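Dear colleague,

Please find below the structure that I am handing over to you.

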Amino acid sequence: MADFELYFKELMDGKRAGWMDRLALAGLRLASLPYALALRARALGYASGLIPSHRLPRPVISVGNITLGGTGKTPTVAWLASYLIGRGKKVAVLSRGYGGSAEGELRIVSDGKSLLVGPEEAGDEPCLLARKVPGLMVVTGADRYRAGLLALKELDPDVFILDDGFQHLKLKRDLNLLLLDCRRPFGNERVLPAGYLREPKSAVKRADLVLFTRCQPDGAPQLANLDKPVCHSMHRLNGCAPLEGGEPRAFAELKGERAMAFAGIADPAGFFDSLEKEGVQLVTTLAFSDHICYGDAEIAAVLRLKKASRSTFMVTTEKDAVKLAPFKEQLGTVYVARLDLEPLDAPLLQGMVDRLVANGQARALEQKKGGDKRA
């Protein structure tokens with residue numbers, strides 16, 4: 001699977017130039033045409049009301065993207081949730097639960113107090129969010145509207161965050177955030193299966209706000225005809241903590257030691273580069289496929305490479321860490337790097353969120369008054 005993913009990326013990025021590769025790419029480009037048309041028709045169906053969509057009685061913030069791979073949805077959801085909880089709001093994340101054995105099934109993963117379902121069943125990202133943000137409620141389900149209704153009944157949140165929701169048009173949203181990677185906002189600008197786009201670039205018009213991620217402080221892309229409010233943000237590694245628990249450490253404390261890094265995320269190379277920028281001396285790295293389910297074979301591969309590289313410790317991501325609890329004793333010293341979103345122009349994003357919440361409260365009050373009158 002990993003070899004196929006690598007071949008696909010190299011083909012999309014123009015790094016495969018053989019005649020068989022060119023033939024394969026031509027076939028993929030041909031196949032992308034009906035796929036793109038089908039996606040446009042689907043979006044038009046929802047926009048026109050021909051395909052029904054549903055609204056929850058509390059504000060819904062959608063966080064999503066239009067490209068394959070990681071654009072930083074999980075750190076963005078965590079930042080939004082922390083901001084809202086800090087303002088006294090009860091927040092519930094609605095997620096599909098990708099990669100778990102119960103993927104698509106309705107589950108309350110966290111009630112804001114306890115983690116009720118593990119990553120094997122719920123998937124890695126819902127559990128990561130529940131652990132990372134104190135007080136956050138997380139509900140999974142393929143039908144996010146039904147997941148929202150379950151959350152309303154059992155948890156009574158003030159605000160919903162729809163994780164990876166840009167294409168989930170069945171649920172109406174009050175604020176639609178589109179994440180674009182600063183380095184390559186639209187990948188190779190071709191739609192699947194010939195490129196990285198999950199839907200045509202014209203889908204950008206559905207966004208209320210474009211949030212560029214992985215930006216540098218001194219520069220950001222200037223995209224013509226975007227015609228949307230824009231925010232910029234960085235991803236920053238903020239130290240690490242032992243896998244088995246304990247006090248966080250600054251990366252500076254690990255300088256001079258031989259380190260091995262491993263990760264099963266959409267952009268492992270970006271994670272490894274970030275560690276080196278923080279001064280971690282990486283002597284070797286191991287990349288697994290995104291949402292990898294760790295078992296004995298994967299752990300054995302990690303330990304073999306650690307021994308061969310004579311590494312004194314290992315470092316991995318928060319997303320991987322939630323799945324490594326059964327292997328803590330085998331792995332030895334493993335640090336978990338904390339990844340956070342840092343908005344570079346936070347007031348615009350905060351202002352839109354604040355207005356949304358205020359409007360949602362006013363709408364809920366009007367609905368309550370209407371119900372009281374009917375009663």
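The notes below describe what was found in this structure.

This is a predicted model, in which local features need pLDDT of at least 70 and side-chain atom pairs count only at pLDDT 80 or more, while totals for chains, interfaces and linings use all residues. Residues are numbered from 1 along each chain as its sequence is written, and side-chain values use heavy atoms, with hydrogens and water left out.

The nonpolar core

I begin with the largest nonpolar core, which has 34 residues. The term denotes a set of buried Ala, Val, Leu, Ile, Met, Phe, Trp, Tyr and Cys residues joined through side-chain atoms within 4.5 Å. Buried stands for under 20% relative accessible area, exposed for over 50%, and partly exposed for values in between (1.4 Å probe, protein chains only). The residues with the most contacts inside this core are Ile61, Leu80, Leu84, Leu136, Ile161, Leu177 and Val353. At least two core residues come from each of strand E1 (60-65), helix H3 (73-86), strand E2 (91-95), helix H5 (124-132), strand E5 (159-163), strand E6 (175-181), strand E7 (209-213) and helix H11 (346-374). Helices (H or I, at least four residues) and strands (E, at least two) are DSSP runs, numbered from the N terminus. The most is given by H3, with seven residues.

Leucine 136 has contacts (heavy atoms within 4.5 Å) with Ala81, Ile85, Val91, Val93, Ser110, Gly112 and Leu129, its neighbours within four places in sequence being left aside.

Helix H5 is largely enclosed by the rest of the structure, because eight of its nine residues are buried. Among them are Asp124, Glu125, Pro126 and Lys132. Cysteine 127 also counts as buried, at 0% relative accessibility.

Strand E9 (residues 259-263) is mostly covered, with five of its five residues buried. In a regular strand the side chains alternate between the two faces of the sheet. In E9 both faces are covered, with Ala259, Ala261 and Ala263 buried on one side and Met260 and Phe262 buried on the other.

Two strands pair if DSSP finds at least two bridges between them. E9 pairs with strand E10 (residues 282-287) in the parallel sense over five bridges, and alanine 259 has leucine 282 of E10 as its bridge partner. E9 also pairs in the parallel sense with strand E11 (residues 313-317), over three bridges. There, methionine 260 stands opposite methionine 314.

Together, E9, helix H7 (residues 268-277) and E10 form a right-handed β-α-β unit. Right-handed here says that, with the strands pointing away from the viewer, the path from the first strand over the helix to the second runs clockwise. Pro268, Gly270, Phe271, Phe272 and Leu275 are the buried residues of H7. Their cover includes strand E8 (230-242), E9, E10, E11 and strand E12 (334-343). After H7 comes glycine 279, with a positive phi near 95°.

The cysteines

The structure holds one disulfide, a term that requires a pair of cysteine sulfur atoms within 2.5 Å. It joins cysteine 182 to cysteine 215, with S to S 2.3 Å. The pair links distant parts of the chain, 33 residues apart: cysteine 182 is in the loop between E6 and E7, and cysteine 215 is in the loop between E7 and E8. The disulfide is right-handed, because the torsion about its S-S bond is about 75°. Both cysteine 182 and cysteine 215 are buried.

Cysteine 231 is buried, at 1% relative accessible area. For cysteine 127, the closest cysteine sulfur is that of cysteine 293, which at 12 Å is also too far for a bond.

Two further residues

Glutamate 318 is placed in helix H9 (residues 318-321) and counts as buried because its relative accessibility is 13%. Its side chain reaches the backbone nitrogen of leucine 339 at 3.1 Å. Contacts of glutamate 318, beyond neighbours within four places in sequence, include Leu128, Lys132 and Val336.

Proline 229 lies in the loop between E7 and E8 and counts as partly exposed, at 36% relative accessibility. Leaving out residues up to four places away in sequence, proline 229 touches Asp208, Leu209, Val210 and Leu348.

With kind regards

Conventions. Polar contact = N/O pair within 3.5 Å; in protein donor to acceptor, adjacent residues only side chain to side chain.
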